[in-house]
Amino acid sequence: MFPSIRTWLRQTKTAQADRSPWLRARQHLWAMAALFGLTWPLAAQARIEFGVSAASADATIGCMFPLAGRAAIYGRDSIAGMKLALADLAAEVKVGQVPRLRILVEDDRSKASVATRIAEQFIERDKVRFLCGVVSSGVAQAVSRVSRTRQVIMVGTDHASSRLTIEDFHRHYFRVSNDTWTSMAAGARFLAAAQKKDGWRRLAFIGPDYDYGHVAWRDLEQALAVLNVTHEVTAHLWPRLYEPDYTAYIARLKAAKPDIIVTALWGGDFIAFLKQALAAGLLEKSRLANFDTGGNYDVLASLGEQPPAGLILSARHHNNWPATARNRKFVNDFHRLEGRFPTYAAEGAYAGIIAIGRALATAGHHADNEKLIRVLEGMHLSLPEDPDGTVSHIDPETHQIVQAQAIGEVVADTAFAPARLMLGRWTVYRAEELQPPLDLVRSRRAKAGATDSIPGVRRPPRSTL
Amino acid sequence: MTNLLAILFDGAIYASWLFLVAAGLTIIYGVMRVLNMAHGSFYAIGAYSAASLVGWYFSGQTGNPYWSYLLLLGSALVAGTLVGVAIERGLLRFLHGKDEILMVIVTYALLLILEDVTKLVWGVDPYFANQPYRLLGQTEVGAVLRFATYDLALIVVTVAIGLTAWFVLNRTNKGRLLRAVIHDREIAVAMGVNVDAMFTVTFAIGSVLGALAGALTAPAISVTPGIGVEVIVLAFAVVVVGGLGSIGGAAAGAVLVGLARSVAVHMAPEMELFVIYGVMFLVLAFRPQGLFGQTLVRRI
């Protein structure tokens with residue numbers, strides 16, 4: 001077959017030499033058209049668009065998620081979550097007030113440079129009124145800078161570094177999923193209670209070697225300090241992102257003899273670490289806690305059938321907690337749409353669209369940014385992860401959503417196949433317990449030389465929560 | 001003493017993984033002078049094939065679980081051979097003798113294409129196949145250290161692969177022919193060696209080794225899109241340290257990088273990444289051709 005192709009190419013070359021420049025130009029044009037035709041479906045796939053058309057939209061929202069590579073599953077789940085949010089908005093908001101939303105999603109490839117370019121294009125070309133999404137904290141910082149410079153509201157849905165809402169805070173940035181402070185504050189309370197019970201003292205930390213990991217560690221240390229939990233740090237380790245071999249780290253952790261190991265590894269990295277830690281017997285003498293991402297559905301699905309002892313996990317959303325009608329509806333709707341159960345990314349993106357939709361419904365479909373910011377600050381939202389009798393709200397001081405968090409242990413549960421283990425035996429922390437103290441927020445901002453802080457205390461009194 | 005033992009074993013485990021990943025890359029470069037960027041894709045395809053086959057095997061809940069190790073090896077052999085032969089015969093053989101930079105660009109394009117092909121075939125959901133990893137349990141070393149036996153077995157498998165490669169290259173007729181091609185392609189052709197066939201076989205061996213690295217790693221990780229791209233940088237670091245095209249060099253590079261990384265994790269965890277590339281910098285500063293690389297005479 002191949003020699004004949006070569007012969008054909010040779011013949012084509014000879015024939016071309018005999019043709020007029022016009023004929024050759026026409027041939028090139030045909031070739032380019034054919035190439036364009038072949039690659040068009042791929043180019044079209046690079047952008048996903050849903051909601052209403054551009055002509056009839058009250059607002060266009062430009063979202064950036066990884067749609068390829070390791071984190072692609074979070075991007076895919078986020079898109080499904082946003083579709084569910086559009087449907088729920090239409091059902092929940094008063095007729096006539098439902099904003100007509102057009103949502104654009106592009107693949108940020110988990111790269112800051114790519115996400116920045118996409119964000120600029122969204123603003124320039126598509127005239128988006130909101131930026132949203134982003135899984136990686138590092139990428140989110142870059143997009144947040146675009147949001148600050150271009151004064152376009154950004155609603156973060158799935159990155160967690162508390163730096164974005166504390167040191168790098170600016171008025172146009174909001175986040176509607178738990179941040180590292182929230183998760184670590186819940187974790188610190190859990191650890192404080194555990195210390196009273198069993199007197200643990202030695203703590204080790206292992207987290208990914210980029211902003212998210214380091215901020216999570218700092219948040220945990222500060223949250224433990226706020227609660228006066230005395231402890232000795234026996235190791236803190238920083239494997240690179242996407243490390244396949246944790247043997248050396250596991251040996252180092254064993255040598256450090258911690259009572260409790262806290263990790264901020266996430267996704268495939270946490271799964272790989274957990275598999276290797278279990279096989280090497282790390283959990284026989286130490287407990288392992290992951291307060292921010294460890295209870296994600298993809299992790300639980302990877303654990304097999306036998307619940308490992310000594311695991312303490314949580315996540316930014318759970319499929320089986322709270323056992324409320326709203327959460328059940330969200331999880332079941334997602335399953336109907338996608339044929340599988342969601343990771344927490346789906347609920348974050350869902351919350352983002354709900355927040356934007358409600359802000360537009362309240363402020364007016366064509367309200368300016370200032371009005372929208374005022375509505376978003378302090379906004380109360382009923383979301384799938386709110387236990388009965390509580391609602392999430394956005395802290396005006398940090399623009400971070402404030403929600404209850406549950407930490408659980410691994411138990412057998414076959415209701416969410418293919419996972420055979422889920423979290424259970426919950427310890428629940430109320431939302432108001434998990435906010436960073438105002439003086440801490442301000443001292444961190446002052447230390448970082450932050451310039452864009454909000455004057456005065458604007459948090460609602462705790463009794464209203 | 002315990003710490004030293006831990007450093008040595010951790011270093012050996014990581015070095016064996018590095019050698020597995022880098023061996024195919026260096027063999028292909030040594031024989032074909034192709035710096036194969038698509039090697040990471042062979043790793044990914046091996047990992048996906050193994051994870052899906054092992055997952056299927058254990059979902060049946062029948063049969064001896066130890067057969068899963070044969071599935072790991074078999075899947076790498078089949079997937080690596082098929083992909084390697086297809087790429088060499090269908091693409092690279094039209095580019096033999098072309099500039100090395102062009103080959104880097106072509107194989108990089110191939111890496112991107114195969115990355116998408118793996119997504120089309122296996123989707124973006126993670127694959128898990130940890131049964132073979134846990135099946136072997138743990139092994140005590142020196143009464144104080146315990147390692148997953150699978151990791152220790154990886155050292156044995158890697159040594160076996162390294163020795164086999166050395167034996168084939170140095171003690172068999174085919175190996176001698178291969179070395180003749182490495183030494184001087186034109187003379188080899190003049191002496192009647194079928195260089196085209198040699199290239200196909202070499203590329204297939206390289207891709208099988210890449211796939212094998214992926215298949216043997218799959219039980220210890222979550223197999224997700226992008227894993228191939230992540231290993232290629234490390235594989236290059238090892239191959240460059242050892243000297244491009246040298247199996248012995250790849251082994252030495254893997255041991256050096258593996259031990260340096262292990263020392264860093266135990267003594268100065270913040271320095272881990274720096275140490276890996278620091279070793280590369282130091283070697284290249286004093287021996288630009290790598291530890292075992294030969295200085296090439298440039299003909300003008």
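This is a predicted model: local features need pLDDT of at least 70, side-chain atom pairs count only at pLDDT 80 or more; totals for chains, interfaces and linings use all residues.

**Entry 1: the sheet in chain A**

I began with β10(A) and strand β11 (residues 311–313) of chain A, which pair in the parallel sense over 3 bridges. For me, helices (H or I, at least four residues) and strands (E, at least two) are DSSP runs, numbered from the N terminus, and two strands pair if DSSP finds at least two bridges between them. In this pairing, A:A289 stands opposite A:I312 in β11(A).

Residues are numbered from 1 along each chain as its sequence is written, while chains are lettered from A and ligands numbered from 1 in the order in which they are written.

Next I looked at the link between the strands: β10(A), α10(A) and β11(A) make a right-handed β-α-β unit. Right-handed here says that, with the strands pointing away from the viewer, the path from the first strand over the helix to the second runs clockwise.

I then moved to β9(A), which runs parallel to strand β10 (residues 287–290) of chain A, with 3 bridges joining them. A:V262 stands opposite A:A289 there. The chain gets from β9(A) to β10(A) through α9(A), in a right-handed β-α-β crossover.

**Entry 2: the whole sheet**

What is the order of the 7 strands in the open sheet of chain A? I read β8-β7-β9-β10-β11-β15-β16, with mixed pairing. At the edges stand β8 (232–237) and β16 (421–429) of chain A, each with a single partner strand, so one side of each has no neighbour in the sheet.

I found A:L423 of β16(A) as the bridge partner of A:V410.

**Entry 3: two helices in chain B**

I turned to helix α1 (residues 2–32) and helix α6 (residues 149–171) of chain B, which pack at an angle of about 40° with their axes 9 Å apart. Axes are lines fitted to C-alpha atoms, for helices over the stretch in contact, and angles run from 0 to 180 degrees between N-to-C directions. α1(B) and α6(B) are therefore oblique to each other: angles under 35 degrees count as roughly parallel, over 145 as roughly antiparallel, 65 to 115 as roughly perpendicular and the rest as oblique.
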